[in-house]
Amino acid sequence: LMLQAAVRAKYLENTIQTASPAQLLIMLYDGAIRFCKLGIEGIKQKDYSGANSNLPKAQAILDELLVTLDRESEVAKTLIPLYQYMKQQLIQGNVKKDPGPVEEVLGYMTDLKETWILAAKSANLPHAQG
């Protein structure tokens, strides 16, 4: 079992080191989506410690997304306030034990992930290169 964990950790490390910026972004969204879902489940099942351990992880991913954002880019003007709003919603959902704000964030995260997947695909088209 320890060996499996070590192999998995090495695999994940290699995956992250060899991932493109777009793939890393999509991995971050995947993580945030997973933590939002776990947080919503926790709130609905009145497992508040579960919600309280998962929602801050989604907030931490939003912090990471904010830090890595190219501030000069046009898209940053839209994403910065959106990421900040989503962080507030996660905090609200956690404090008020209300899944609504977290479900809203989950919706945005899912849409953004789909958008980045499409952008990454279109960037890889032959006619789009050089």
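Leaving aside residues up to four places away in sequence, Asn-94 touches Ala-51, Asn-52, Leu-55 and Pro-56, where contact means heavy atoms within 4.5 Å. Asn-94 itself lies in helix 4, helices being DSSP runs of H or I with at least four residues, numbered from the N terminus. With a relative accessible area of 9%, Asn-94 is buried; buried stands for under 20% relative accessible area, exposed for over 50%, and partly exposed for what lies in between, with a 1.4 Å probe and protein chains only. The side chain of Asn-94 is also joined to that of Asn-52 by a polar contact of 2.9 Å. Such a contact is a pair of N or O atoms within 3.5 Å, of which, within protein, one must be able to donate a hydrogen and the other to accept it, while residues adjacent in sequence count only if both atoms are side-chain atoms.

The model is predicted, so local features need pLDDT of at least 70 and side-chain atom pairs count only at pLDDT 80 or more, whereas totals for chains, interfaces and linings use all residues. Residues are numbered from 1 along each chain as its sequence is written, and side-chain values use heavy atoms, with hydrogens and water left out.

Helix 3 spans residues 48-68. It has 21 residues and reaches 30 Å from its first C-alpha to its last, close to the 30 Å expected at 1.5 Å a residue, the expected span being 1.5 Å times one less than the number of residues. Its buried residues are Gly-50, Ala-51, Asn-54, Leu-55, Ala-58, Gln-59, Ile-61, Leu-62, Leu-65 and Leu-66. Seen down the axis of helix 3, these residues fall within an arc of 155°, so they line one face of the helix; the arc is that of the directions from the helix axis to the C-beta atoms. The face turned away from this buried side carries the exposed residues Ser-49 and Val-67.

What covers the buried residues of helix 3 includes helix 2 (21-44), helix 4 (74-96) and helix 5 (99-123). Gln-59 can be followed in more detail: it counts as buried at 15% relative accessibility, and it touches Lys-87, Leu-90 and Ile-91, again not counting residues up to four places away in sequence.

Side chains of opposite charge can pair when their charged atoms come close. The structure holds four salt bridges, each a side-chain nitrogen of Lys or Arg within 4 Å of a carboxyl oxygen of Asp or Glu. In one of them, the side chains of Asp-30 and Lys-113 meet at 2.6 Å, N to O. Asp-30 lies in helix 2 and Lys-113 in helix 5, so this pair ties together parts that are 83 residues apart in sequence. Asp-30 is partly exposed, with a relative accessible area of 32%, whereas Lys-113 counts as buried at 18%.

Another salt bridge brings together the side chains of Lys-44 and Glu-103 at 3.0 Å, N to O. Because Lys-44 belongs to helix 2 and Glu-103 to helix 5, the pair ties together parts that are 59 residues apart in sequence. Here Lys-44 counts as exposed at 54% relative accessibility, and Glu-103 as partly exposed at 36%.

Lys-77 forms a salt bridge with Glu-74, their closest N and O atoms being 3.5 Å apart. Lys-77 and Glu-74 are three residues apart in helix 4, which means that about one helical turn separates them. Lys-77 counts as exposed at 52% relative accessibility, and Glu-74 counts as exposed at 59%.

Conventions
Helices (H or I, at least four residues) and strands (E, at least two) are DSSP runs, numbered from the N terminus.
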